[in-house]
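Biologist: Could you take me through this structure slowly, giving the definition behind each word as we go?

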Amino acid sequence: MIVTSVNNEYIKGLCKLKDKKYRDSTNLFLIEGEHLVNEAINEELVKELVILEGCSFEYADKYADNITYVNENVMKKLSSMDSYPNIIGVAYKRKEDKIGSRVLVLEDIQDPGNLGTIVRSAAAFNIDTIILSPRTVDLYNLKVIRATQGMIFHLNIITRELEPTIKELKTNNYLILGTNVRNGTNIKDINISGNFALIIGNEGRGMSDTLSKLCDKKIYIKMNERVESLNAAVATSIILYEINNGIN
């Protein structure tokens with residue numbers, strides 16, 4: 001059977017997952033395209049699949065009882081992309097794990113593309129835990145998910161109030177790093193051994209004074225003086241690369 005109506009109750013229910021309120025209440029979210037679906041399947045996070053009529057999928061047999069086939073109009077309705085995909089997955093949110101030893105803390109990041117890119121870079125440079133402030137853009141925003149290129153499924157990403165969380169990390173002997181473009185230490189001169197947490201502030205206002213005062217060290221990226229600052233995702237990626245290379 002192929003679903004051909006955008007008013008189908010099941011389809012209407014899936015469309016609600018575009019709204020953060022429903023993602024939070026169900027702990028489910030939508031992922032679009034074969035690459036992201038495969039990444040989620042590898043972590044056993046896929047609940048159901050929606051496949052465009054006439055299209056095949058490698059794992060169709062595994063999910064035979066949980067596949068809905070739809071026509072183009074229905075797929076367009078479900079998709080947030082200009083060019084709709086052949087497959088959409090309904091995925092479970094990954095369960096939170098305990099905080100690891102290599103931590104990235106994000107304070108009120110607002111741009112979905114920035115958050116997604118940061119998640120991807122964090123995976124590339126061996127961060128094991130990302131802590132988001134409650135005021136950070138929703139991790140399960142469709143633009144965030146696409147920008148992660150599937151790395152959202154492979155990292156422990158949790159949401160916490162940052163001040164008490166960082167104080168707890170300090171108590172547990174984590175080195176707390178922040179950024180300061182004027183009075184910091186060149187990131188190339190930082191050597192890290194043991195547990196650490198790197199704080200990245202909001203795109204516009206940077207790190208709050210409250211968190212800044214909790215930092216053990218401030219770092220910066222040496223660059224051309226004509227350039228005042230870098231995009232948050234670009235700067236984070238460079239810092240994570242340097243930290244990864246400088247860990248003892």
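Biologist: Why is Ser193 called exposed?

Modeller: Ser193 has a relative accessibility of 55%, and a residue is exposed over 50%, buried under 20% and partly exposed in between, with a 1.4 Å probe and protein chains only, so Ser193 counts as exposed. Ser193 is found in the loop between strand 10 (185–186) and strand 11 (196–200), where helices (H or I, at least four residues) and strands (E, at least two) are DSSP runs numbered from the N terminus. Please keep in mind that this is a predicted model, in which local features need pLDDT of at least 70 and side-chain atom pairs count only at pLDDT 80 or more, while totals for chains, interfaces and linings use all residues. Residues are numbered from 1 along each chain as its sequence is written, and side-chain values use heavy atoms, with hydrogens and water left out.

Biologist: How do you know that the span of helix 5 agrees with its number of residues?

Modeller: The expected span is 1.5 Å times one less than the number of residues, so the 13 residues of helix 5 (residues 112–124) should span 18 Å, and the end C-alpha atoms are 19 Å apart, which agrees.

Biologist: Which residues of helix 5 are buried, and what covers them?

Modeller: Pro112, Asn114, Leu115, Gly116, Ile118, Val119, Ser121 and Ala122 are buried in helix 5. Their cover includes strand 6 (102–106), strand 7 (129–132), helix 6 (142–148), strand 8 and helix 9, where contact means heavy atoms within 4.5 Å.

Biologist: What lines the largest pocket?

Modeller: A pocket is an open set of points on a 1 Å grid over the protein atoms alone, where a 1.4 Å probe fits, with protein on both sides within 12 Å along at least five of seven lines, and lining residues have an atom within 4 Å of a point. The largest pocket holds about 710 Å³ of space, a volume being the space filled by probe spheres set on the points, which are joined across faces, edges and corners. Of its 27 lining residues, Thr179, Val181, Gly206, Met207 and Ser229 are the closest to its centre, and helix 9 gives the most to the lining, with four residues.
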